[in-house]
Amino acid sequence: MGDRVFGGRAQIAGIVTAADLTNRFGEIARPFTMIEECERRLHRRVKSRIAPDIIETATNKRHKDADSLTFGAYVHVFKDEKHFLLLDWPLDHAQFVQQVKDVAGIRNKMMHFSPDPIPNEWGAIDGLLAMLHAVDPLP
């Protein structure tokens, strides 16, 4: 299968196979599944380590516990280093918060503004997921 450009727009030229569709679906789904895994790992650790009253205070009463946190709200919980230390993960606080913030921004772009994945930003998602795999080896 090849792409041709007609009038400034790429068009598919050739036979589209099941393998082509599978590969394209994988390209589209990959960042969504990676972000979901990051969120699942963060949720599990926050729920087991950070009390609801801390979450409520850190998020200005927008979230009452770990179950109500959105991806972007984790940044608010972790920005105070004493809350981050409750996770008991051997990670650099500033780097971790920045990575969570970066991935939250990518997630918001993907969910609210861009229907397609943002391939040049997958590195940030990969980085956070690798960090979480290192400290939280459970699936």
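Predicted model: local features only at pLDDT ≥ 70, side-chain atom pairs only at ≥ 80, totals over all residues.
Asp136 is buried, with a relative accessible area of 9%. Asp136 sits in the segment after H6. Which residues does Asp136 contact, leaving aside its neighbours within four places in sequence? They are Arg41, Arg44 and Trp89.

Take Arg44 next. Its side chain meets that of Asp136 in a salt bridge, with 2.6 Å from N to O. Arg44 belongs to helix H1 and Asp136 to the segment after H6, so this pair ties together parts that are 92 residues apart in sequence. The two side chains also make a polar contact, at 2.6 Å. Their surroundings can be set side by side. Asp136 is buried at 9% relative accessible area, whereas Arg44 counts as partly exposed at 30%.

The structure holds 8 salt bridges. A second one links Asp88 with Arg49, whose closest N and O atoms are 3.9 Å apart. Asp88 lies in the loop between helix H4 (81–85) and H5, while Arg49 lies in helix H1, so the pair ties together parts 39 residues apart in sequence. Asp88 counts as exposed, at 54% relative accessibility. Arg49 is partly exposed, with a relative accessible area of 36%.

Lys82 is exposed, at a relative accessible area of 56%. Asp80 counts as partly exposed at 30%. Some bridges share partners: Glu37, Arg41, Arg44 and Asp136 are joined in this way into one network. Asp136, where we began, is thus both a network member and a buried residue.

Now step back to the whole chain. How many helices and strands does the chain have? There are 6 helices and 2 strands. Along the sequence they follow the pattern β-β-α-α-α-α-α-α. The chain has 139 residues, and 35% of them count as buried. Consider contacts between residues at least 6 apart in sequence: 58% of these join residues at least 24 apart. The exposed surface comes to about 8500 Å². Carbon and sulfur atoms supply 56% of that area.

The largest nonpolar core has 33 residues. Which of them touch the most other members? They are Leu42, Val46, Phe71, Phe78, Leu87, Phe96 and Leu128. Helix H1 (18–49), helix H2 (52–58), helix H3 (73–78), helix H5 (93–112) and helix H6 (122–135) each supply at least two of its residues.

Phe78 shows what such a position looks like. Not counting residues up to four places away in sequence, Phe78 touches Leu42, Val46, Ile50, Phe84, Leu87, His93, Phe96 and Val97. Among these partners, Leu42, Val46, Leu87 and Phe96 are named with Phe78 as core residues that touch the most other members.

H6 has 14 residues. From its first C-alpha to its last it reaches 20 Å, close to the 20 Å expected at 1.5 Å a residue. Which residues of H6 are buried? They are Trp122, Ile125, Leu128, Leu129, Met131, Leu132 and Val135. Leu128 is also on the list of core residues with the most contacts to other members.

Trp122 lies in helix H6. Is Trp122 buried or exposed? At 16% relative accessibility it counts as buried. Trp122 and Arg30 are 92 residues apart along the chain, yet their C-alpha atoms are separated by 9.1 Å.

Finish in helix H1, where Phe32 is found. Phe32 is partly exposed, with a relative accessible area of 26%. Leaving aside neighbours within four places in sequence, Phe32 is in contact with Met110 and Met111. Met111 is 79 residues away from Phe32 along the chain, and 9.2 Å separates their C-alpha atoms.

Conventions:
Residues numbered from 1 in each chain as written. Heavy atoms only, no water. Helix = DSSP H or I, 4+ residues; strand = E, 2+ residues; numbered from the N terminus. Buried < 20%, exposed > 50% of the residue type's maximum accessible area, 1.4 Å probe, protein only. Contact = heavy atoms within 4.5 Å. Areas by Shrake-Rupley, 256 points an atom, 1.4 Å probe, with all protein chains shown as cover. Core = buried A, V, L, I, M, F, W, Y, C linked by side-chain atoms within 4.5 Å. Salt bridge = Lys/Arg side-chain N within 4 Å of Asp/Glu carboxyl O. Polar contact = N/O pair within 3.5 Å; in protein donor to acceptor, adjacent residues only side chain to side chain. Expected span 1.5 Å × (residues − 1).
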